[in-house]
Number of protein chains: 2
Amino acid sequence: MDQRITLVTLGVRDLSRSIAFYGALGWRAHPSSVEGEVAFFDTGGLVVGLWSRDQLAEDSGVDDGGGWGGVTLAHNVDEAEQVDVILSGAVAAGARLARAGAPTPWGGYSGVFVDPDGHPWEIAVNPGWPLDEAGRPQLG
Amino acid sequence: MDQRITLVTLGVRDLSRSIAFYGALGWRAHPSSVEGEVAFFDTGGLVVGLWSRDQLAEDSGVDDGGGWGGVTLAHNVDEAEQVDVILSGAVAAGARLARAGAPTPWGGYSGVFVDPDGHPWEIAVNPGWPLDEAGRPQLG
């Protein structure tokens, strides 16, 4: 199994609400998305999908624990100020602020918002992971 | 907020077991991983992290639902045969086979394994998403 991921699917309760939420953050669904069924976001080689949580659970062969299930996404940026701007924008769009932007023990700066379906996103500056032109972290 | 993800962190109960599991699939932790604390896998611009589920929940400002929480990862390949090989390898390494490889309603072929911590991975061929040289899906 090659060391890569092609798709991260987030289960949602109300697809149009979720598309509106990510749209408010600046994300645009790919034209191949199917209205009322599924939305795909091309994040530069990795696809983020939004799909019915019930259908995703069934398709994945798992029981739905009903809450958070041990997965957190992160979005790294270059400057602490960007962290705060993104967190503010997410809250304005309907997210819950789970952790305000602040310096981290590992020498960075980060905060967390939780999307309308309970999926947490850490917005972070990590000096150890400089971002390339495409915004991909370089672990060195 | 740019349309990209930099890190997907999977909460785990036993880090060494999880590193061994992904290692058996062919994944190699990055040297910046901290033994006994956290493991990072460079998947070509996206980082996959393995970290204590309890610490991840606290850091993410969420309550742990205790089970699956609405996120499924996918790994696309070119041929149906590769799907079956990867699923077999994952099961041999300790995964649960949640859905055997089979043709899908959307014209592809896929199956699902669930890792030792309950995180599902769909292994799929999607003719509508050809993979580039780096294995990144091209939505067209």
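The structure is a predicted model, in which local features need pLDDT of at least 70 and side-chain atom pairs count only at pLDDT 80 or more, while totals for chains, interfaces and linings use all residues. Residues are numbered from 1 along each chain as its sequence is written, and chains are lettered from A and ligands numbered from 1 in the order in which they are written.

The next topic is the meeting of the two chains. Counting two residues as in contact if their C-beta atoms, placed from the backbone, lie within 7 Å, 61 residues of chain B touch 61 residues of chain A. By class, the side of chain B that touches chain A holds 27 nonpolar, 24 polar and 10 charged residues. Here Ala, Val, Leu, Ile, Met, Phe, Trp, Tyr, Cys and Pro count as nonpolar, Asp, Glu, Lys and Arg as charged, and the others, Gly among them, as polar. Because 100% of the interface residues of chain B are also interface residues in chain A, the copies meet through the same surface.

Strand pairing also crosses between the chains, two strands being paired if DSSP finds at least two bridges between them. Strand β4 (residues 71-76) of chain A runs antiparallel to strand β1 (residues 7-12) of chain B, joined by 4 bridges. In this pairing, A:Leu73 has B:Val8 as its bridge partner.

Within chain A, strand β6 (residues 109-114) has 6 of its 6 residues buried, meaning that 20 or more other C-beta atoms, placed from the backbone, lie within 10 Å of a residue's own. In a regular strand the side chains alternate between the two faces of the sheet. On β6(A), A:Tyr109, A:Gly111 and A:Phe113 lie on one side and A:Ser110, A:Val112 and A:Val114 on the other, and both faces are covered.

Strand β5 (residues 96-103) of chain A is joined to β6(A) by 5 bridges in an antiparallel arrangement, with A:Leu97 opposite A:Phe113. These strands form a hairpin with 5 residues between them, and A:Gly107 in the turn has a positive phi of about 85°. Strand β7 (residues 120-125) of chain A also runs antiparallel to β6(A), through 6 bridges.

Note on methods. Helices (H or I, at least four residues) and strands (E, at least two) are DSSP runs, numbered from the N terminus. A residue is buried if 20 or more other C-beta atoms lie within 10 Å of its own, exposed if 12 or fewer, and partly exposed in between; C-beta atoms are placed from the backbone.
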